[in-house]
Amino acid sequence: MPLKLDDTDRAIVNALQGGFPLVERPYAAAAEELGLSEEELIARINSLLERGAATRFGPLFHAERMGGALMLAALAVPEERFDEVAELVNAHAEVAHNYKRTHRYNMWFVLAAESQERVEETVREIERETGLAVLRAPKLKEYFIGFKVPV
Amino acid sequence: MSLKVDKADRAIIAATQKGLPLAPDPWAVIAEQTGLPKAEVLERLRAMSERGVIRRVGLVPNHYKLGWTANGMSVWDIPDELAGELGSKVGALPFVTHCYLRPRHMPEWPYNLFAMVHGRSRSEVEGKVARIASVLAPHARAFDVLYSTRILKKAGLRISPDAERIPHGSKV
């Protein structure tokens, strides 16, 4: 069952997906836009996080611009080896997330490290441990990332 | 690769990567945690935002819990010379949350444009993919949609505040 949000929650999620102001008393400023009190907005954000309706509230960082490196990668894992390979891949701290997907390339994961060299080393380790070739899908260009899914 | 954040920035990043303090004056809380003056915390957050080190400050909805259970990674084979033009058009669609150009790996992976689409059902995602197809027509030579069926790991990024863990090749 999906979580139910009331109209105020929905307005908060939609307004704050786009941006939280970097000003003095920012909750008060954001609350005013929403017709809420500072206290109520803080309590609502807390509740959205506690109920799991939101996974995070805060700055979202751009890893490459911090000097780090990110890469999307994929493996075509034989079904009978899937769990074993998932365990090998997930054991690497550099693997930030990993999803099973509907394709011959059925395991898609994002590597995050402090350098491209470290990302590549991790990919080679995964290839050695699993005996499978990793599909490297680094980002060449990014065409606008908006988090604009209205809830 | 050049380093775009210094030690004080990293301290702020470390203090906020789990989230912004839910207190009327969050900058004061971060100032206390980092030992930086409050005005500097806010100034540095603004500067990191301007440089794009911070993409945005805000709430990340849990699409899955809110009923957006279908997550499709649509992948397209489009001519490289049209990538900029077509990628911008697809990225501007209101329901596309991420849009990237990535390398092909022939023959097993012919796709170079990736566009992430969320929906409440696969049929909703399919409808949105059809709209991407109409934007790309007649240039898309092939496409596929990879639905996520299981989250295997979701750890997020971890940044160390320690100076010795600053990225290789960086100038501090």
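**View 1. B:Cys99 and its partner across the strands.** B:Cys99 has B:Ala115 of strand β4 in chain B as its bridge partner. The model is predicted; local features need pLDDT of at least 70, side-chain atom pairs count only at pLDDT 80 or more, and totals for chains, interfaces and linings use all residues. Residues are numbered from 1 along each chain as its sequence is written. Strand β3 of chain B (residues 96–101) and β4 of chain B (residues 113–119) run antiparallel, joined by five bridges. Strands are DSSP runs of E, at least two residues, and helices are runs of H or I, at least four, numbered from the N terminus. Two strands pair if DSSP finds at least two bridges between them.

**View 2. Strand β3 of chain B meets chain A.** Strand β6 of chain A (residues 141–142) runs antiparallel to β3 of chain B, with two bridges. Here A:Glu142 stands opposite B:Tyr100. Five of the six residues in β3 of chain B are buried (under 20% relative accessible area, 1.4 Å probe, protein chains only).

**View 3. The largest nonpolar core.** This core has 38 residues. Such a core is a set of buried Ala, Val, Leu, Ile, Met, Phe, Trp, Tyr and Cys residues joined through side-chain atoms within 4.5 Å. A:Leu16, A:Leu41, B:Leu45 and B:Leu59 have the most contacts inside it.

**View 4. A second core.** A separate core of 21 residues includes B:Trp76, B:Phe95, B:Ile132 and B:Val145.

Technical notes:
Chains are lettered from A and ligands numbered from 1 in the order in which they are written. Side-chain values use heavy atoms; hydrogens and water are left out. Buried means under 20% relative accessible area, exposed over 50%, partly exposed in between (1.4 Å probe, protein chains only).
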